[in-house]
Amino acid sequence: MSIEEITELINEAVTGEVFGVWFLIGAALVFFMQAGFAMVETGFTRAKNAGNIIMKNLMDFCIGTVVFILLGFSLMMAEDYAFGFIGIPNLKIFTDFGGFIEGNASSFVFNLVFCATAATIVSGSMAERTKFISYCIYSGVISLFVYPVEAGWVWNSQGWLAQMGFHDFAGSAAIHSVGGITALIGAMMVGPRLGKYVKDAEGTVKKVNAIPGHSITLGALGCFILWFGWYGFNGAAAWDGTSLASIFLTTTIAPAVATCTTMVYTWIKNGKPDVSMCLNASLAGLVGITAGCDALNALGSLIVGVVSGILVVVVVEFLDLKLHIDDPVGAVGVHFANGVWGTLAVGLLADPLAPAGLEGLLYTGNARLLGVQAMGIAAILIWTAVLMTIVFAVIKKTVGLRVSPEEEVKGLDSTEHGLPSAYADFVPAVESLDYGVWEEATPVAGDTPVAEAVPVKKVPAFEEGVPKFTKVEIVCKESRFESLKTAMLNIGITGMTVSHVLGCGIQKGKPEYYRGVQVEPSLLPKIQVDIVVSKVPVRTVVETAKKVLYTGHIGDGKIFVYDVENVVKVRTGEEGYDALQDVE
């Protein structure tokens, strides 16, 4: 054997070993992306649901691991593969562990973390109003059956799409489109968050409310974590140094260009660059390049980025403003729309000189690959849509898909997990969303009389003919403030002072537990509204407040009424009745 042949054998052995280790490092990077998804979803939603979001992102991986061991991996990657459609379960991981780890351990770990990614995409679009038990069920179904079957078509060498030449290197179709279309179906079936869309008497949406996430900082952290992890997501399956370098290059260009495109597009469209949308755009570019990261060149990556940057904004706004589908984190625009685009982009932009050596339509004039890509993505979407529609319908009819309105207003941290706040040492923000027309904002759910639920401590007699000044102090739940403010403005109140206060009544709230230990009763956040009136009758203010605040439960609020000797407007020096009037 010559020196050259020996050197070649050594190089092949070293390369195989090195890239075998890199494959597992890539799997670890993909696992770390769970933290990125958790941060993005938490930052883009409200603080009162942060613990619930974290729990869902933790459990979709843990539940997914269990079901993937039991059945999912066999359905996806079994050597006994029926009709190019589905693997035949053999439970070799339990019956022949030695043989299993010899040929399948790396594949199992890598496909498991991919599977968890598909499942976690869904939680963002259904955030803040979905039952935790329902999430656990449908997340488990995705990892157990939905994802393994269609992913086997793509990545099992015996799969029917793989046999046809369908190319999805890292999962624009098999992962992101699956998670994205499931997110769309789930958001439609669970319905929008309370207060997101304001309707008139005929049920037509007349206003779309923005519900900002509580921490754009967490959202940005999540995006950077995801981008970092994406180098493993796309690059782990590289077969040599050249292919790995090319994949890293395309995985960098597409999201960067997409983010720049969205920045310019929103700047022109809205007058200012949109921060949250630019964060979405970076992920959209990553999703768009995932299928063809080994098949596109630098120009193709740039084109993917430009289209992704515009597509994500258009889809997010179209769903929200036109279709009135509430997707808090933009999961449908990022993963569904750009998963489809990325899959088709392979057929259009694949460069024969790129590592994969595929022939795209725009480089060779050959439309065959584009046709295969279109058929493949259609098959995957149909499979997922049919199964997940059935799953969501069954859940909705049995355990229920959505929490009650009262639970949604309070927040899922406390109602689903007994967690008073994910930020225990921080004062929670005042709720700034009106949950409906104030006269009918909250249905009466309890049976406590109005006098006990919203007690009035004192109402002074109004002296006929003599201007009288009265201070009305209202202490109420945070969630009722916006409705109370609207009601006061409607009866002619033009000024009020609002304070964030803490307190508890004799009932001291319901007991909560942390790690099995009962948490001592703590002061509960409330809103105090102070109003001084003269022209508007005190009784009108009191009755209006009682009507808005009453739900039939202890703790709806308290109203205190005080006599005021005089009122002085500092700016003008006016006193008495004139000082309360806003007419210049």
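Helices (H or I, at least four residues) and strands (E, at least two) are DSSP runs, numbered from the N terminus. This is a predicted model, in which local features need pLDDT of at least 70 and side-chain atom pairs count only at pLDDT 80 or more, while totals for chains, interfaces and linings use all residues. Residues are numbered from 1 along each chain as its sequence is written, and side-chain values use heavy atoms, with hydrogens and water left out.

The loop between α8 (172–190) and β3 (197–199) contains R193. Is R193 buried or exposed? R193 counts as buried because its relative accessibility is 4%, where buried means under 20% relative accessible area, exposed over 50%, and partly exposed in between (1.4 Å probe, protein chains only). The side chain of R193 makes a polar contact of 2.5 Å with that of E128 and another of 2.8 Å with that of D326. A polar contact is a pair of N or O atoms within 3.5 Å; within protein, one must be able to donate a hydrogen and the other to accept it, and residues adjacent in sequence count only if both atoms are side-chain atoms.

Next comes helix α12. Its 25 residues reach 35 Å from the first C-alpha to the last, close to the 36 Å expected at 1.5 Å a residue; the expected span is 1.5 Å times one less than the number of residues.

The aromatic rings remain. Rings of Phe, Tyr and Trp (its six-membered ring) pair if their centres lie within 6.5 Å; planes under 30 degrees apart count as stacked, over 60 as edge-to-face and the rest as tilted. The structure holds 21 such pairs. F31 and F61 form an edge-to-face pair because their planes stand at 65 degrees, with ring centres 4.9 Å apart. This pair links distant parts of the chain, since F31 lies in helix α1 (residues 3–43) and F61 in helix α2 (residues 50–77), 30 residues apart. F31 is partly exposed, with a relative accessible area of 41%, whereas F61 is buried at 16%. One aromatic cluster is formed by F23, F110, F114, W155, W230 and F233.
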